[in-house]
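Let's take a friendly first look around this protein. Have the structure open and follow along.

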Amino acid sequence: MAGMLYLVPTPIGNLGDISLRCRQTLEEADFIAAEDTRVTLKLLNHLGIKKCLVSYYEHNKAFQGQKILERILAGETCALVSDAGSPAISDPGEDLVRQCAQAGVTVCAIPGPCAAVTALSVSGLPTGRFCFEGFLSTAKKSRREHLESLKTEQRTMIFYEAPHKLTATLADLAQAFGPDRPVSLCRELTKLHEQILRTTLGEALELYTAQPPKGEFVLIVAGAQPEEKEAPSQEDIARRLQALMAQGLSRKDAVRQTAVDLRLPKNVVYDAALKALPED
Ligand code: SAM
């Protein structure tokens, strides 16, 4: 019979945050797959657990994932841990979970520390609807596209960032969302120097330009106000009109339908039609 994969969250700073169930799972697993075996060994030593460790990280995950899966299929139980926090959230565990699920292996996630949720809950920003955006890409083009896609996002947004990239990220966020957008910078969560700074993107940028950031950060950024939603551009209106006319609607009907679809006054759509489309 196949074994199981357990996702075991580990402390994001305070070792006291390891739960009884996590501890027991680490003790009882046949082996532990760890993002960095040195980091996990320290935790295991602290807990007094001796266990076979295998490494599973970004650059060996294709090969190691298959080997781990084979061991599980042969009946062993694996506990997956990342360096800190919940495995599979912005770390390589995501792929192993998918592989196991596809192979019909039972995956059991144990609840526990997660930097994103810890930051969101303490941010003071709306928590009813939120989206997790993880790390922004370092490639300029995809970073810009990512931020562009979030310009009108109304849910509270969660970003992870490394300290040496924080100032550049704040600058890009301030440019995309405006300097007045509220942000909570959650630094060194659960650690001795935990700090929650509830401010705006512009002020945070000023602060960390003057004083380079240190430690680990989660950024919780307020969503856009409904009225900040961008009005459709002339090109958007023209595209909608053209699509409707291509479906066989007359120019007049296409204007009426576009006004309804885009929630715009008819005269605005009519003006766009005059500029973009030839007369009937
Ligand atoms: N899987 C982990 C989790 O969900 O908690 C996150 C792993 S991700 C590779 C690491 C990022 O999590 C850091 O760059 C930082 O943004 C955030 N992070 C982790 N620990 C943190 C802490 N104690 N305080 C603030 N942010 C933290």
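## A buried glutamate

Glu 188 is buried, with a relative accessible area of 16%; buried here means under 20%. This is a predicted model, by the way. You'll find Glu 188 in the loop between β8 and β9 (195–200).

Its backbone is worth a look too: Glu 188 has a positive phi of about 50°, although it is not a glycine. Most residues other than glycine have a negative phi. Ala 88 is another non-glycine with a positive phi, this one about 85°. Look for Ala 88 in the loop between β4 (78–81) and α4 (93–102).

## The largest nonpolar core

Now for the greasy part. The largest nonpolar core has 20 residues, and Phe 159, Leu 170, Leu 173, Phe 177, Leu 185, Leu 201 and Val 221 have the most contacts inside it. At least two core residues come from each of β7 (156–161), α7 (166–177), β8 (182–187), α8 (201–210) and β10 (217–221). The largest share, 6 residues, is supplied by α7.

Zoom in on Phe 177: leaving out residues up to four places away in sequence, Phe 177 touches Leu 147, Leu 150, Lys 151, Met 157, Leu 201 and Val 221.

## Two helices side by side

How do α7 and α8 pack, and at what angle? Their angle is about 155° and their axes are 9 Å apart, so α7 and α8 are roughly antiparallel to each other. The crossing of α7 past α8 is left-handed.

On the α7 side, the residues that meet α8 include Leu 166, Leu 170 and Phe 177, while the α8 side includes Leu 201, Ala 204 and Tyr 208. Altogether, the residues of this contact are 10 nonpolar, 2 polar and no charged.

How values were computed. Residues numbered from 1 in each chain as written. Predicted model: local features only at pLDDT ≥ 70, side-chain atom pairs only at ≥ 80, totals over all residues. Heavy atoms only, no water. Core = buried A, V, L, I, M, F, W, Y, C linked by side-chain atoms within 4.5 Å. Buried < 20%, exposed > 50% of the residue type's maximum accessible area, 1.4 Å probe, protein only. Helix = DSSP H or I, 4+ residues; strand = E, 2+ residues; numbered from the N terminus. Contact = heavy atoms within 4.5 Å. Axes fitted to C-alpha atoms, helices over the stretch in contact; angles between N-to-C directions. Parallel < 35°, antiparallel > 145°, perpendicular 65-115°, else oblique. Left-handed = near helix turned anticlockwise from the far one by under 90°. Nonpolar A, V, L, I, M, F, W, Y, C, P; charged D, E, K, R; others polar.
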